[in-house]
Amino acid sequence: METVIQLAYLAAAALFIVGLRRMQSPATARRGNQLAAGGMLVAVLATLFLDDILSPWMMILGLLIGAGIGAVLARQVEMTAMPELVAVFNGFGGLASALVALAEVAQYTGGSEVLAPDTELGAGTAFTVVLSVLIGMVTCSGSFVAYGKLSGRLGGNPIDFTGMRTATLGLLGGAVFFGGVFVASAGAAAWLTTLSIVILSLSALALGVLLVVPIGGADMPVVVALLNSYSGLAAAATGFVLGNIALIVSGTLVGAAGFILTVIMCEAMNRSLVNVLTGGFGGEEGAAGAAAEAPEGRTVSETSPDDTTILTSYADQVIIVPGYGLAVAQAQHQLREMAELLEERGVTVKYAIHPVAGRMPGHMNVLLAEANVPYDKLFEMEEVNGEFAQTDVALVVGANDVVNPAAREPGNDISGMPILNVDEAETVVVMKRSLSPGYSGVDNELFYADSTKMLFGDAKESADAIVSELKALA
Amino acid sequence: MQNFIVFVLSAFLGNEILSKVPQTLHTPLMSGANAISGITVVGALIAAGMSGGGWSAWLGFLALVVATINVVGGFLVTDRMLQMFAQKQRSSGGAEPEGAKVK
């Protein structure tokens with residue numbers, strides 16, 4: 001029977017790999033996800049029915065409860081709230097891994113008769129328990145803080161207080177110390193083992209909070225990707241605890257996925273991971289509605305939906321540059337409708353997506369997909385950057401730092417960050433509520449450029465107005 | 001040691017497969033991968049289902065529920081997203097906005 005179970009785990013791991021492989025193209029990705037889900041089903045059923053489960057009905061109950069909650073969350077979420085949901089799921093994943101490791105410990109210290117072939121908790125296993133609990137709990141609390149920031153419940157600004165760095169280091173030191181105590185006491189003094197793992201769990205939870213709290217809202221793509229990586233590593237560590245290959249393989253694959261995304265995000269901002277994680281970057285994000293005045297002696301040229309309609313409808317090519325503001329205004333449907341009306345008039349419309357636009361890797365792509373924008377109209381930065389020079393109108397919708405020419409100059413917070421070269425277009429129309437700087441806090445010269453026209457107001461209302469104008473033209 | 005070998009090879013494999021995923025699919029990749037990390041559900045079944053009761057049973061049961069939320073929710077929401085991507089292929093735009101239908 002053991003062999004059959006192992007084979008089932010192997011099949012599951014193989015299905016995960018094939019499934020992830022299919023994520024390389026939008027055409028095959030859905031099937032890939034279904035294959036991975038099938039792999040999960042195989043692994044669960046094999047464990048449930050073939051392994052020596054003592055209380056199968058209890059287990060089925062647990063599976064049903066979890067499945068019910070998960071299904072409701074997945075069905076109800078708005079596409080604009082996707083970053084929050086991914087963060088929450090990450091948190092659950094990390095928590096589950098840590099809890100499994102804790103249950104293992106309880107098994108040993110409780111003097112249970114089942115499971116362990118060697119009834120003593122060996123130092124090697126104890127070490128993997130420490131890793132699993134530490135990573136799992138940090139992932140859990142960190143993800144819920146990220147959720148709070150993404151959903152606006154906590155406010156997106158970095159939170160900092162004096163002694164925070166010290167507290168973080170102290171907690172980390174404490175966690176490592178009690179981890180050491182746990183390993184040393186494993187198999188010796190049960191009370192000490194229990195005490196040290198409980199303290200370790202609590203300090204890891206606190207550590208997760210302190211690690212994410214100082215990081216600002218727009219750096220969340222990096223944080224979510226990194227926590228994703230951690231949730232995988234926590235599962236892998238739990239795999240080491242249980243000596244379970246399925247957990248090790250899948251956990252590691254997820255760890256790699258999260259890590260790759262983290263690196264991509266950091267490169268797209270030209271900042272090191274350490275720089276992002278130590279936080280405190282930027283702040284004055286959004287500044288909702290509080291129209292920052294143009295500085296002394298600078299003028300901006302304002303435009304109206306009517307003028308924008310005329311401008312875009314007589315253009316040969318329009319490139320739309322969406323940013324987080326698009327998600328906030330939920331303007332994706334209006335924008336798509338506008339683009340379609342322009343296309344009917346013979347205008348070529350493309351979308352240029354900066355890798356860190358939005359609050360999660362690929363955030364803009366999901367929003368536009370929801371609005372039924374064909375993905376072959378979406379272009380990555382490197383593909384489209386050369387085209388702005390031959391573009392009549394660049395329409396910037398709720399994006400700021402990713403189009404800020406200051407990034408080309410040395411000596412400011414976003415120096416060296418790759419940007420979309422919208423300023424090379426003949427005319428730039430910026431849909432935005434105010435002149436306030438972006439997340440980085442660096443003023444955007446683009447707004448004052450001669451070729452730039454500001455279309456102030458809510459992106460959804462502006463796009464709506466343009467849509468009606470375009471319909472009236474036809 | 002064997003486990004460690006598996007770990008290292010999986011890391012290489014993951015890097016190999018996943019670095020080729022296009023930006024468009026980064027969000028579904030993340031949520032799909034996240035669902036896969038819910039493989040801990042197997043560990044939870046073992047921990048909860050084979051324990052002699054007491055603390056380990058309760059911790060295991062809680063882990064089971066939480067991991068299942070992660071697995072089922074993760075795969076479903078990824079499917080929902082990928083469905084939107086897949087539709088783009090057939091009907092090049094034009095169709096009803098997906099958001100209206102899902103709700």
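At what angle do the axes of helix H5 (residues 123-150) and helix H7 (residues 190-212) of chain A cross? The tour of this predicted model begins with that pair.

**Stop 1: two helices of chain A**

Select residues 123-150 and 190-212 of chain A. The axes of these helices, H5 and H7, cross at roughly 35 degrees and come within 7 Å. Two packed helices are described by the angle between their axes and the distance between the axes. The crossing of H5(A) and H7(A) is right-handed. Next, display the side chains where the helices meet: H5(A) contributes residues including A:Val130, A:Val133, A:Leu134 and A:Met137, while among those of H7(A) are A:Ile197, A:Leu200, A:Ala204 and A:Leu205. Coloured by class, the residues of this contact comprise 16 nonpolar, five polar and no charged.

**Stop 2: chain A as a whole**

The C-alpha trace of chain A spans about 80 × 50 × 35 Å along its principal axes. Of the 474 residues in chain A, 57% are buried. Among contacts in this chain between residues at least 6 apart in sequence, 80% join residues at least 24 apart.

**Stop 3: the nonpolar core**

Select A:Ala43, A:Val133, A:Val321, A:Val396, A:Val397, B:Ala63 and B:Leu64. These residues have the most contacts inside the largest nonpolar core, which has 205 residues.

Centre the view on A:Val397. Which residues does A:Val397 contact, leaving aside its neighbours within four places in sequence? They are A:Ile320, A:Val321, A:Pro322, A:Gly323, A:Gly325, A:Leu326, A:Ala331, A:Leu335, A:Met431 and A:Ala459. One of them, A:Val321, is also listed among the core residues with the most contacts.

**Stop 4: where the chains meet**

Show both chains in separate colours. The contact between them takes 105 residues from chain A and 81 residues from chain B. On the side of chain A, the largest share comes from helix H4 (residues 82-109), with 17 residues. By class, the side of chain A that touches chain B has 67 nonpolar, 29 polar and nine charged residues.

H8(A) passes H3(B) in a left-handed crossing. The residues involved are A:Ala235, A:Thr238 and A:Leu242 of H8(A), together with B:Thr40, B:Gly43 and B:Ile46 of H3(B). This contact is made up of three nonpolar, three polar and no charged residues.

**Stop 5: chain B and its confidence**

Residues 24 or more positions apart account for 52% of the contacts in chain B with a separation of 6 or more.

Colour chain B by pLDDT. Its mean is 80, and 82% of its residues reach 70 or more. Which elements of chain B have the highest and the lowest mean pLDDT? Helix H2 (residues 26-37) has the highest, 90, and helix H5 (residues 98-102) the lowest, 37. Finally, select residues 90-103 of chain B, where pLDDT stays under 50. The model has 19 contacts beyond four places in sequence for this stretch. Where pLDDT is low, the predicted coordinates should not be read in detail. The model as a whole scores ipTM 0.84 and pTM 0.84.

Note on methods:
Residues are numbered from 1 along each chain as its sequence is written. Chains are lettered from A and ligands numbered from 1 in the order in which they are written. Two residues are in contact if their C-beta atoms, placed from the backbone, lie within 7 Å. Helices (H or I, at least four residues) and strands (E, at least two) are DSSP runs, numbered from the N terminus. Ala, Val, Leu, Ile, Met, Phe, Trp, Tyr, Cys and Pro count as nonpolar, Asp, Glu, Lys and Arg as charged, and the others, Gly among them, as polar. Axes are lines fitted to C-alpha atoms, for helices over the stretch in contact, and angles run from 0 to 180 degrees between N-to-C directions. A crossing is left-handed if the near helix is turned anticlockwise from the far one by less than a right angle, and right-handed if clockwise. pLDDT is the predictor's confidence in each residue, from 0 to 100. A nonpolar core is a set of buried Ala, Val, Leu, Ile, Met, Phe, Trp, Tyr and Cys residues joined through C-beta atoms within 7 Å. A residue is buried if 20 or more other C-beta atoms lie within 10 Å of its own, exposed if 12 or fewer, and partly exposed in between; C-beta atoms are placed from the backbone.
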